[in-house]
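Subject: Structure handover

Hello,

Please look it over before reading the notes below it.

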Amino acid sequence: IALYIWQKGEGPHLTPVTEFCTDDMNSYKVDHCATTFSNFLPLCGEPVKKEDVFVAVKTCQKFHADRIPVVKQTWEREAALIEYYSDYADSSIPTVDLGIPNTDRGHCGKTFAILERFLNHSSRRTPWLVIVDDDTLISIFRLRKLLSCYDPNEPVFLGERYGYGLGTGGYSYITGGGGMVFSRIAVQKLLASKCRCYSMDAPDDMVLGMCFSGLGIPITHSPLFHQARPMDYPKGYLAHQIPVSFHKHWNIDPVKEYFTWLAPNTEESLNGKKVGYNREDL
């Protein structure tokens, strides 16, 4: 919209009006606001159980010492079922060696191995799989609330939606850094198909998007997942949401960022009451 209005510098100038506020409706500033808003997390029923979410963390030996401790200091305690998948079996973490060599670019081979393991070796009753990078910060507590709005008996592929070549017959995909959420039935349909990595180091998130597009399974976008760090987004944008995840540790204190943005004790409230969406609002 901004580019359309700008018209390469020939369009009208944007006029900032401070009375159109991006402060929460509980802010002391709202007396001077022409508009206010409330932010709340989608909640369509009881949050899904901890045991209904299996978390797979993609890592490799060179990041065991610096990234995994961050996970353990922050959100690992929120996950009832979690495994770390690496190119090296480290019993101190512990990690699972999938037998897939680490690649510097995409991690398609590793991700498909995780999907196979989830389907064939994890509890067959676990309806949800979440795949994250070792430098993803995520609130499993909030994710469980969000998942109350989705039917695990349907093929669900959820996260932050990106697009590739959409103007020329391309496809949408869920960007991996913010976290990719799968229902078990989605994983079953994917692996029952013949769609696989065209190379071991292909971008896993893009290949998954291409596969699900070919299967006619829609990509479900949520703006609560984030491919980048909190500092990479305008404050006014983040003020309108209760985020579920952020990605990357570059030039930040990731533990501090987690407790600022994602820790359960900072959960959303509106006059102390739970507020939720209907499923149709998502």
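This is a predicted model: local features need pLDDT of at least 70, side-chain atom pairs count only at pLDDT 80 or more; totals for chains, interfaces and linings use all residues.

Residues are numbered from 1 along each chain as its sequence is written, and side-chain values use heavy atoms, with hydrogens and water left out.

Domains. The protein chain splits into domain 1 (1–37) and domain 2 (51–262), with bounds from an automatic or database domain assignment. Their C-alpha centres are 34 Å apart.

Pocket. A pocket here is an open set of points on a 1 Å grid over the protein atoms alone, where a 1.4 Å probe fits, with protein on both sides within 12 Å along at least five of seven lines; lining residues have an atom within 4 Å of a point. The largest pocket holds about 530 Å³, the volume being the space filled by probe spheres set on the points, which are joined across faces, edges and corners. Its lining has 26 residues, and Lys58, Arg67, Arg105, His107 and Asp133 lie nearest the centre. By class, the lining has 12 charged residues, 10 polar and four nonpolar (Asp, Glu, Lys and Arg are charged; Ala, Val, Leu, Ile, Met, Phe, Trp, Tyr, Cys and Pro are nonpolar; the others, Gly among them, are polar).

Helix α3. Helices (H or I, at least four residues) and strands (E, at least two) are DSSP runs numbered from the N terminus. In α3 (residues 108–120), 10 of the 13 residues are buried, meaning under 20% relative accessible area, with exposed over 50% and partly exposed in between (1.4 Å probe, protein chains only). Among the buried ones are Phe112, Ile114, Leu115 and Phe118. Elements covering them include β3 (53–58), β4 (81–86) and β6 (128–133).

Threonine 126 sits in the loop between α3 and β6 and counts as buried, at 3% relative accessibility. Beyond neighbours within four places in sequence, its contacts (heavy atoms within 4.5 Å) include Phe118 and Arg184.

Backbone. Isoleucine 93 and proline 94 are joined by a cis peptide bond, with omega about -10°. Glutamine 7 has a positive phi, near 50°, and is partly exposed at 43%. Asparagine 251, with phi of about 55°, is exposed at 76%.

Regards
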